[in-house]
Amino acid sequence: MAPTPKHLDPSELGTREYWDELYTTEVANNAANPDDVGTVWFDDSSAEEEMLAFLARLAGDAASPDSDSTAAQTPATATLSKSTTSFLDLGCGNGSILFALRAAGWRGPLTGVDYSAHSIRLASQIASSKASFASNITFAEWDLIHGPPLSATTLAPQHTFDVVLDKGTFDAISLSDATDAAGRRACEAYRARVLPLLPVGGLFLITSCNWTEDELRGWFVGGERVAGAAFEEAGRVQYQMFSFGGVSGQTISTLCFRKV
């Protein structure tokens, strides 16, 4: 079991004010020009395409048509159905990965949540212009860390999901200096809040630019069980490697965990 990593130094990227301001600007830009959908996080690393390619393999597809990477991927030992698999995107931003899932032929229910109301407004605004393939996508304002459990709300059409996605949200939470009554940083509560969102056997696919693969394992594998449940590693995406100063690595990490 990997040790729990050291905390990151707090940053403005860990504040609600930063994201509200960003998405307020992007809502206005999209209203003026519907082709301007705002920032697609990790676009320069093709992370979204690689995440979709990984999921496509789990559905029996040879490869994602949107992926231009030749990097090998290790799929989880599970089978997903493009017809019925449900997805929850944590920190959905502009909804980019959910729209990409629908465009790639995933027809099950898709839900995106974000603690910024302006993010949800942007995603909903973009969805209205993509009506031809944005059906059955729900966007809702919800604070993963400080809000009530999703099962105690009426925000989403369901309370557990076959696949939970995170593309940079844990990164942002890790940069928050907010603490709970016990003095724990917000990121320390993340794992316990995600586990109840999945059924046993459900998959959690996370992409990070702040944490290495080993550090992600330290955050999500091991530790106290939550209502008897835990995560085990179930797959990874291999991105193009780079070398500097005699050390090789990836600029981002994508790991898949299964609830057991």
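**View 1. Aromatic cluster in the predicted model.** Ring pairs join Phe170, Tyr190, Phe204, Trp211, Trp219, Phe220, Phe231 and Phe257 into a cluster. Two rings of Phe, Tyr or Trp (its six-membered ring) are paired if their centres lie within 6.5 Å; planes under 30 degrees apart count as stacked, over 60 as edge-to-face and the rest as tilted. By this rule there are 17 aromatic pairs. The model is predicted: local features need pLDDT of at least 70, side-chain atom pairs count only at pLDDT 80 or more, and totals for chains, interfaces and linings use all residues. Residues are numbered from 1 along each chain as its sequence is written, and side-chain values use heavy atoms, with hydrogens and water left out.

**View 2. The pair Phe204 and Phe231.** The ring centres of Phe204 and Phe231 are 5.6 Å apart and the planes are at 25°, so this pair is stacked. Phe204 belongs to strand E6 (residues 203-208) and Phe231 to strand E7 (residues 231-237), so the pair ties together parts 27 residues apart in sequence. Strands (E, at least two residues) are DSSP runs, numbered from the N terminus. Phe204 has a relative accessible area of 0% and is buried; Phe231, at 3%, is also buried. Buried means under 20% relative accessible area (1.4 Å probe, protein chains only).

**View 3. The pair Trp211 and Trp219.** Trp211 and Trp219 form an edge-to-face pair, 5.5 Å centre to centre with 75° between the planes. Trp211 is buried at 3% relative accessibility, and Trp219 is buried at 9%.

**View 4. Lys130 and the ring of Phe99.** Lys130 lies over the face of Phe99, 5.9 Å from the ring centre. A charge sits over a ring if NZ of Lys or CZ of Arg is within 6 Å of the ring centre and within 35 degrees of the ring normal.

Methods: Helices (H or I, at least four residues) and strands (E, at least two) are DSSP runs, numbered from the N terminus. Buried means under 20% relative accessible area, exposed over 50%, partly exposed in between (1.4 Å probe, protein chains only).
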